[in-house]
Amino acid sequence: MIAAKGYAAQTSETPLAPWNFERRELGPHDVQIDITYCGVCHSDLHQIRDEWGGGIFPMVPGHEIVGTVVAVGSHVSTFNIGDLAGTGCMVDSCRTCENCQQGLEQYCVNGNTLTYNSLEQDGKTPTYGGYSNTIVVHEDFVLHLSEKLDLAATAPLLCAGITTYSPLRHWNVGKGHKLAVLGLGGLGHMGVKFGVALGAEVTVLSTSARKEEDARKLGAHHFIVTSDPDQMKAANASFDFILDTVSAEHDYNQYLSLLKVDGVHICVGAPPTPSALLAFSLIPGRKSLAGSNIGGIPETQEMLDFCAEHNITSDIELISIKDIDHAYERMLKGDVRYRFVIDMASL
Ligand code: NAP
Ligand code: ZN
Ligand code: ZN
C-alpha cells in the first residue's frame with residue numbers, strides 16, 4: 001500500500017483534522033497523482049456534516065483535484081510521469097450500463113464510485129478524496145490539463161466547472177437565450193463565465209447586493225437582488241433558463257415565475273431539505289423544473305479543453321489547509337469569492 005496523509009472528519013460532528021491512511025498499490029491501469037491543489041466545494045461541507053445522509057467515516061473530502069503524475073501502471077497509455085492531471089467527482093463506474101457506455105458515468109445505473117464518501121466497485125473499499133497529498137485513480141477517470149492555464153485556478157473546473165458546463169450544453173444554452181444564474185458562489189460564478197462564453201445574455205440573481213460589481217466583472221449583463229420585490233417583479237416571465245446553484249433551502253415557486261413559456265429551471269444546487277412545489281408554478285407557462293448531476297468523463301475533458309481554448313478558469317482564494325474551518329464558515333455566509341482552493345504544500 002501507499003502511505004498517504006490528509007485531513008479527515010472522523011464523524012459528522014467532528015472538525016477536519018490531520019489523518020494518515022493508505023492508497024492502493026498501482027494496478028496496470030492506475031495513475032498516481034501527487035496533489036498540488038484541491039478546490040473546496042459546498043458538497044464537501046454537506047457531506048462531512050452528513051447532511052445528505054449515508055456518510056462513510058472517516059471522510060477525506062475533496063473532488064477538485066489537480067497535480068502531477070508521479071507513477072503509472074504497466075498498461076497506462078494516456079499518461080506519463082510528469083504530466084499535469086486532474087480528477088473530479090468520480091473515480092470509477094460499472095462501465096457496462098447504457099449510461100456508462102454513452103459517457104454518462106454520473107448516471108451509472110449500477111452506482112458509480114465517487115471520489116470520496118463512496119465505495120469502490122468491489123462494494124466494500126471506501127474512497128478518500130483530495131484533501132490529501134496523493135491519490136491513485138484508474139486512467140479512464142483521470143483528466144488531461146492544459147499547461148496554459150493557472151493550475152490552482154483550474155482545480156475548481158473539475159466540479160464547479162463541469163457541473164455548470166454540462167447542463168448549459170445539454171439544454172443548448174447560447175445566443176438568443178436569456179440565462180439567469182441563481183446564487184453567485186463557486187458554481188454560480190462558473191455558470192456566469194460559461195453562459196457568457198456560450199453567447200447567452202446572463203443575469204445574476206443573488207441575495208448579496210455587494211456582489212454586483214463582481215458579477216459584472218465576471219461578464220454578467222444584469223444583476224438582480226432577490227430580496228428586492230421591485231427588481232423581481234420587473235424580471236417576471238423574462239428568462240429562458242435559470243441555473244440554480246443555491247446550497248440552502250429556497251422557494252422554487254418564486255423563481256419559476258421568472259421563466260418565460262417553456263422555460264427551464266435547472267437545479268444543480270443540492271439543499272439537504274425538501275421544498276414544496278406548487279403545480280401551478282409549472283402549468284401556466286408549460287415550464288420545467290429539471291436537475292443535472294456533474295458531468296461525464298468525456299464531457300469533463302471537453303469542458304477542460306473549452307476552458308483552455310477560451311482562457312477560462314475559476315476566481316480563487318488560495319488557502320492553507322489549516323484554515324479550512326474558517327473557509328467553511330465563510331462559505332456558509334455566502335462569502336466565497338469565488339472558490340477556495342487548498343494549497344496542498346500546506347499539508
Ligand atoms: P457556494 O460557493 O457556497 O455557493 C452557493 C451560493 O448560494 C452562495 O454563494 C449564495 O449566493 C447562495 N445562497 C446560499 N444560501 C442561500 C439561501 N438561503 N437562499 C438563497 N441563496 C443562497 O456553493 P457551491 O460550491 O457553488 O455549491 C452550490 C450547491 O451546489 C451546493 O448545494 C452543492 O452541494 C451543489 N453541487 C451540486 C452538484 C451537482 O452535480 N448537481 C455539483 C457540485 C455542487 P448569493 O450570495 O449570490 O445569494
Ligand atoms: Zn463539488
Ligand atoms: Zn454504469
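Trainee: Why does Arg 330 count as buried?

Mentor: Arg 330 counts as buried because its relative accessibility is 16%, and buried means under 20% relative accessible area (exposed means over 50%, partly exposed lies in between; 1.4 Å probe, protein chains only). This is a predicted model, in which local features need pLDDT of at least 70, side-chain atom pairs count only at pLDDT 80 or more, and totals for chains, interfaces and linings use all residues. Residues are numbered from 1 along each chain as its sequence is written, chains are lettered from A and ligands numbered from 1 in the order in which they are written, and side-chain values use heavy atoms, with hydrogens and water left out.

Trainee: How do you know that the side chains of Arg 330 and Asp 335 meet in a salt bridge?

Mentor: The N to O distance is 2.9 Å, and a salt bridge requires a side-chain nitrogen of Lys or Arg within 4 Å of a carboxyl oxygen of Asp or Glu. Asp 335 is partly exposed, at a relative accessible area of 22%. Through shared partners, salt bridges join Asp 214, Glu 317, Arg 330, Asp 335 and Arg 337 into one network.

Trainee: Why is Lys 322 called exposed?

Mentor: Lys 322 has a relative accessible area of 60%, and the threshold is over 50%. Its side chain meets that of Asp 323 in a salt bridge of 3.7 Å, N to O; Asp 323, at 33%, is partly exposed.

Trainee: With which side chain does the side chain of Asp 244 make a polar contact?

Mentor: The partner is His 250, at 2.6 Å. A polar contact is a pair of N or O atoms within 3.5 Å; within protein, one must be able to donate a hydrogen and the other to accept it, and residues adjacent in sequence count only if both atoms are side-chain atoms. The value of 2.6 Å falls within that limit.

Trainee: How many residues of helix 4 are buried?

Mentor: The number is 9 of its 11 residues, and helix 4 is therefore described as mostly covered. These buried residues pack against strand 10, helix 5, strand 13, strand 14 (259-267), helix 9 and strand 17 (339-343), where contact means heavy atoms within 4.5 Å. Just after helix 4, Asn 172 takes a positive phi of about 50 degrees.

Trainee: What volume has the largest pocket?

Mentor: Its volume is about 1000 Å³, and of the 49 residues that line this pocket, the closest to its centre are His 42, His 46, Thr 245, Val 246 and Ser 247. On a 1 Å grid over the protein atoms alone, a pocket is an open set of points with protein on both sides within 12 Å along at least five of seven lines, a cavity is a set where a 1.4 Å probe fits but cannot get out, and lining residues have an atom within 4 Å of a point. Points are joined across faces, edges and corners, and a volume is the space filled by probe spheres set on them. Helix 1 gives the most to the lining of the largest pocket, with 4 residues.

Trainee: How many cavities of 30 Å³ or more are there?

Mentor: The count is 1; the largest cavity holds about 60 Å³, and its lining includes Leu 143, Ile 162 and Ile 294.

Trainee: Why does Ile 294 count as buried?

Mentor: Its relative accessibility is 10%, which is under the 20% limit. Ile 294 also has a positive phi of about 25 degrees although it is not a glycine. Most residues other than glycine have a negative phi.

Methods:
Helices (H or I, at least four residues) and strands (E, at least two) are DSSP runs, numbered from the N terminus.
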